[in-house]
Amino acid sequence: MAEKAPSARLWCATRGAVAVTEGERPRAAGAQLWGLGRVAALELPALWGGLVDLPGTDPADDDAWRLLATALGGPEDQVAVRAGRAYGRRLTPAPVPRAGQTPYRPHGTVLVTGGTGALGGHLARRLAAEGAAHLLLVGRRGRRAPGAAELEAELLALGAKVTFGAADLADRDALAALLAQVPADAPLTAVFHAAGVPQVSPLTEAGAEVFADVYAGKVAGARHLDELTRPLDLDAFVLYSSGAGVWGSAGQCAYAAANADLDALALRRRADGLPATSVAWGLWGGRGMGEGEGGAYLRRRGVRPMDPQDALTELLRAVAAGEANLTVTDTDWGPFADGFTAYRPSPLIADLTPPTPGEPRTRSGLGPADAGTRSGLGPADAGARSGLGPADGGAPSRPPAAAVPAPGRGVAHLPAAERPGAVLALVRAEAAAVLGHDTPDEVETDTPFLLLGFDSLAVTHFRRALNSVTGLELDAEALFTHDTPAKLAAHLLELLGTERGEQGASAAATLVPLYRDAVATGRVAEAVDALGAVAALRPVFTRERPHPVSPVPLAPEPAPDAPGRPLLIAVSGTAAVSGPTEFAAFATALAGRRPVLALPQPGFRPGEPLPDSLEALCAAHAAAVTRLAAGRPYALIGHSAGANAAHALARHLEDTGPGPAALVLADVYTPSAPGAMGVWRDVMLRWAMDRTPVPLDDTRLTAMGAYHRLLLGWAPQPTRAPVLHLRATDPMAAWSDPDQDWRSVWEFSHTALDVPGNHFTMMTEHAPATARAVDAWLDALPGGDR
């Protein structure tokens with residue numbers, strides 16, 4: 001699907017894959033597909049349509065098929081058709097636990113799979129503390145697992161007998177043999193299936209072996225435990241699921257599918273009158289799967305680590321309440337929604353996100369009145385709550401986020417001496433919230449944002465948060481131009497003092513809907529030509545009447561004792577969503593190695609004139625480069641159409657002076673020989689539009705049209721500077737021409753290197769590999785490492 005890049009989106013239809021009403025028995029294969037589909041929506045937002053489930057028992061009638069067809073063109077992307085109605089899937093706040101509810105108390109033998117792992121260990125200690133007489137801890141290595149002896153000592157001290165069982169959960173016979181050893185005087189009363197292995201790989205690269213590895217313990221183990229314990233009188237049958245199966249998680253297609261299978265198994269057991277609770281966990285603290293770099297990434301996106309004891313309290317409440325499916329997470333839904341819906345909307349979380357941008361963000365936490373969220377299905381045409389809970393149940397009250405100084409228009413009323421501190425406190429507090437820090441004290445005032453851990457998405461969240469609380473309209477480059485909290489605070493103070501936004505708010509976007517429709521219907525060429533015609537009405541600058549260009553710092557100078565490597569100056573692209581931020585991930589990977597700055601293309605911000613010719617553009621950029629370099633060696637880099645502009649600038653600099661020390665062209669396609677770019681243009685523009693964190697507006701669209709016209713007459717020529725030609729290894733779509741290579745071509749003398757990723761991901765997900773290739777090549781040039 002990703003290779004062929006069809007113009008139509010892919011929808012998957014299932015039968016009986018989800019439960020809308022109590023008593024339905026979701027089928028395993030369909031539930032797995034729904035879990036996988038939620039990941040596809042995140043990884044392939046431009047290609048994925050959605051999921052529609054038909055009744056699993058009676059044959060679908062004409063009304064059902066009509067509702068299915070209607071869903072394909074509607075706003076919902078997870079729909080179930082039942083009894084003449086379409087239901088849209090929603091996450092809704094879970095109800096407050098009932099007062100006086102009888103707590104769950106473990107007794108007899110309790111089996112815990114994954115019992116010697118991080119999550120299983122937390123659970124075993126809690127079960128022992130709650131009264132479990134005998135714990136059967138099952139894992140591949142049994143007593144030989146790291147930390148098993150220490151865990152046993154803790155559990156014995158809590159009064160529980162411990163037995164370690166070594167078994168492959170995918171081996172039904174081995175599991176049956178373990179169960180047969182449960183002592184008669186302490187019969188098995190509960191099963192807690194906490195085993196699981198993480199998985200991180202793109203959907204398009206996940207083969208059968210990836211799914212087999214993830215399914216072996218989690219899915220096969222759950223099924224065997226279900227089958228083997230059905231004759232027993234259990235009090236609890238608990239499955240450790242994951243939010244990946246509820247809302248999806250990019251890079252975890254097999255893991256999401258497996259966890260969705262566990263959620264469906266719990267519903268089938270409930271329908272059969274058997275105990276079952278599947279808890280989809282958010283991010284665990286205390287050495288859970290949320291630790292490490294992945295955990296830091298999630299925290300920046302609003303998913304905070306849960307205290308293990310708080311999480312287990314919610315688990316035991318869910319078991320006592322007879323919950324079949326529950327999600328328990330500590331999530332700040334505002335930042336989460338920013339990232340989750342960056343590339344496509346998601347009705348799934350509409351009930352959890354702040355209703356209006358101007359209202360204070362609320363946080364969902366774990367406490368007596370806050371047991372997480374419930375996943376379910378409600379009428380798509382009525383926006384009702386989940387059919388699995390009260391139809392009129394509202395969200396429980398939640399405490400607001402910790403208050404921080406909010407200057408906004410009120411900054412003028414503060415004493416002059418207090419204003420700088422108040423604005424700086426705001427900047428640090430919002431930065432800490434975006435990065436997932438506990439306090440603003442962890443945000444150093446004079447450290448560049450990139451070194452603090454900001455990536456392009458974090459920059460977008462931060463800018464939106466500051467715009468919301470200040471009433472300003474900061475542009476996408478503000479955090480790079482003013483690259484530390486202290487500098488940004490000073491800039492905000494200046495803007496707030498004059499009561500104006502960042503060069504004014506963007507004009508109303510009247511062209512954006514037309515452009516989006518053109519991309520969706522394959523009329524990009526006509527759209528770009530029309531935008532170029534509209535751009536002819538905009539003000540321009542000339543070589544004789546130049547417009548200044550201000551470089552945007554992306555990666556700071558290395559330490560004073562580091563080798564004085566040449567500057568690396570990036571030339572921004574010319575698409576509507578291009579700009580210095582497209583090099584953010586690339587520059588982050590080079591931080592501490594060499595300084596990186598970016599040249600914005602003039603005309604993409606409100607109020608800026610456009611160049612009237614390529615000569616005028618090159619002259620403006622050359623003036624900026626000359627001021628910036630001040631005699632220091634430098635290299636230029638451009639990506640896509642930005643590579644064309646970088647080459648034109650290199651030629652201009654060589655015609656008027658010594659020129660750059662090197663030129664890097666990343667996946668360049670020329671207007672005279674567009675190659676695959678000409679074939680894939682609609683696919684590539686749709687990809688960029690669906691994934692960009694940069695908001696479209698009329699200024700950016702008309703600028704793109706103007707630059708398209710500007711570069712039409714440009715043709716590549718040889719340069720004195722050595723050239724590195726970077727080529728993406730993954731195609732954007734299928735390529736069937738046996739006589740022509742789809743990869744980027746550069747006809748003059750150069751060094752060619754293939755780097756991971758496609759045309760776009762080579763500069764985002766795979767930016768570290770691209771940066772390493774560029775850095776090594778530059779160091780290998782004469783004088784490149786000093």
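**Aromatic pairs and a partly exposed glycine**

G436 counts as partly exposed because its relative accessibility is 22%, where buried means under 20% relative accessible area, exposed over 50% and partly exposed in between (1.4 Å probe, protein chains only). The model is predicted, so local features need pLDDT of at least 70 and side-chain atom pairs count only at pLDDT 80 or more, while totals for chains, interfaces and linings use all residues. Residues are numbered from 1 along each chain as its sequence is written, and side-chain values use heavy atoms, with hydrogens and water left out.

G436 is located in the loop between α12 (419–435) and α13 (449–452); helices (H or I, at least four residues) and strands (E, at least two) are DSSP runs numbered from the N terminus. The C-alpha atoms of G436 and V303 are 8.3 Å apart in space, although 133 residues separate the two in sequence.

The structure contains 13 aromatic pairs. Rings of Phe, Tyr and Trp (its six-membered ring) pair if their centres lie within 6.5 Å; planes under 30 degrees apart count as stacked, over 60 as edge-to-face and the rest as tilted. F604 and Y707 form a tilted pair, because their planes stand at 40°, with the ring centres 5.5 Å apart. This pair links distant parts of the chain, 103 residues apart: F604 lies in the loop between β18 (596–599) and β19 (610–611), and Y707 in helix α23 (residues 698–712). F604 counts as buried at 6% relative accessibility, as does Y707 at 1%.

Ring pairs also join W247, W333, F336 and F340 into a cluster.
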